Amino acid sequence: MEVHISKELKRFDHLMGEIDGLYHDAAVALGVPDSVMQVLYTVCAKGERCPLRDICRQSGMSKQTVNSALRRLEGEGMIYLEPSGPRSKDVCLTPAGRELAGRTAVPLMELEDEIFSAWGAEEVERYLRLTQRYLEDFRRKSKRFYAKKERGRAAPGG
């Protein structure tokens, strides 16, 4: 199968893959699975507690993967879940969880912050603005794409 995509998309895909690989390498070097790192990172970004729905939404992981990471962290005494509404829970760090996050997610966040600090304010703002635009465009177009696919499946013979 031959796919025709722009050289810019190929470059973008390559860069995103390389970045994902660096995050994986960081998790391995710090001794935690990728999913655990993502949970710790997301909770730390919010403080010491975070709505479970935010972890699912912001990490890009499936609910099943998030739940597996949470069960592991809960079993190790790193987090606990606390009801925060009729159908919602917060993920909260225990003292041991804060210590683990301090050795894993926090140094990674500090490294990332160093990178942004080394860029000029205009560069950071432009990067974030374009990334936000890409996200919004992708979200809008993918919704239309999925709706179109669903309509096609509902058609006879589809």
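Author: Start with a cluster: ring pairs join Phe12, Tyr134 and Phe138. Rings of Phe, Tyr and Trp (its six-membered ring) pair if their centres lie within 6.5 Å; planes under 30 degrees apart are stacked, over 60 edge-to-face, and the rest tilted.

First, the ground rules. This is a predicted model, where local features need pLDDT of at least 70 and side-chain atom pairs count only at pLDDT 80 or more, while totals for chains, interfaces and linings use all residues. Numbering runs from 1 along each chain as its sequence is written, and side-chain values use heavy atoms, with hydrogens and water left out.

Back to the rings. The whole structure holds five aromatic pairs. One of them joins phenylalanine 116 to tryptophan 119, edge-to-face, at 5.4 Å centre to centre with 75° between the planes. Phenylalanine 116 is partly exposed because its relative accessibility is 30%. Buried means under 20% relative accessible area, exposed over 50%, and partly exposed in between (1.4 Å probe, protein chains only). Tryptophan 119, at 34%, is partly exposed too.

Phenylalanine 116 also pairs with tyrosine 127. That pair is tilted: 6.1 Å centre to centre, 55° between the planes. Phenylalanine 116 sits in helix α6 (residues 105-118) and tyrosine 127 in helix α7 (residues 121-154), so the pair ties together parts eleven residues apart in sequence. Helices are DSSP runs (H or I, at least four residues), as are strands (E, at least two), numbered from the N terminus. Tyrosine 127 has 41% relative accessibility, so it counts as partly exposed.

Now the helix contacts. The axes of α2 (residues 34-46) and α3 come within 10 Å and cross at roughly 115°. Axes are lines fitted to C-alpha atoms, for helices over the stretch in contact, and angles run from 0 to 180 degrees between N-to-C directions. The crossing of α2 past α3 is right-handed. A crossing is right-handed if the near helix is turned clockwise from the far one by less than a right angle, and left-handed if anticlockwise. On the α2 side are Gln38, Val39, Thr42, Val43 and Lys46; they meet Asp54, Ile55, Gln58 and Ser59 in α3. Contact means heavy atoms within 4.5 Å. This contact of α2 with α3 has three nonpolar, four polar and two charged residues. Ala, Val, Leu, Ile, Met, Phe, Trp, Tyr, Cys and Pro count as nonpolar, Asp, Glu, Lys and Arg as charged, and the others, Gly among them, as polar.

Move on to α3 (residues 52-59) and α4 (residues 63-75). Their axes lie 10 Å apart at about 125°. The two helices are therefore oblique to each other. Angles under 35 degrees are roughly parallel, over 145 roughly antiparallel, 65 to 115 roughly perpendicular, and the rest oblique. Leu52, Ile55, Cys56 and Ser59 in α3 touch Lys63, Val66 and Leu70 in α4. By class, that contact has five nonpolar, one polar and one charged residues.

At 17% relative accessible area, serine 35 is buried. Neighbours within four places in sequence aside, serine 35 contacts Met61, Thr65 and Ala69.
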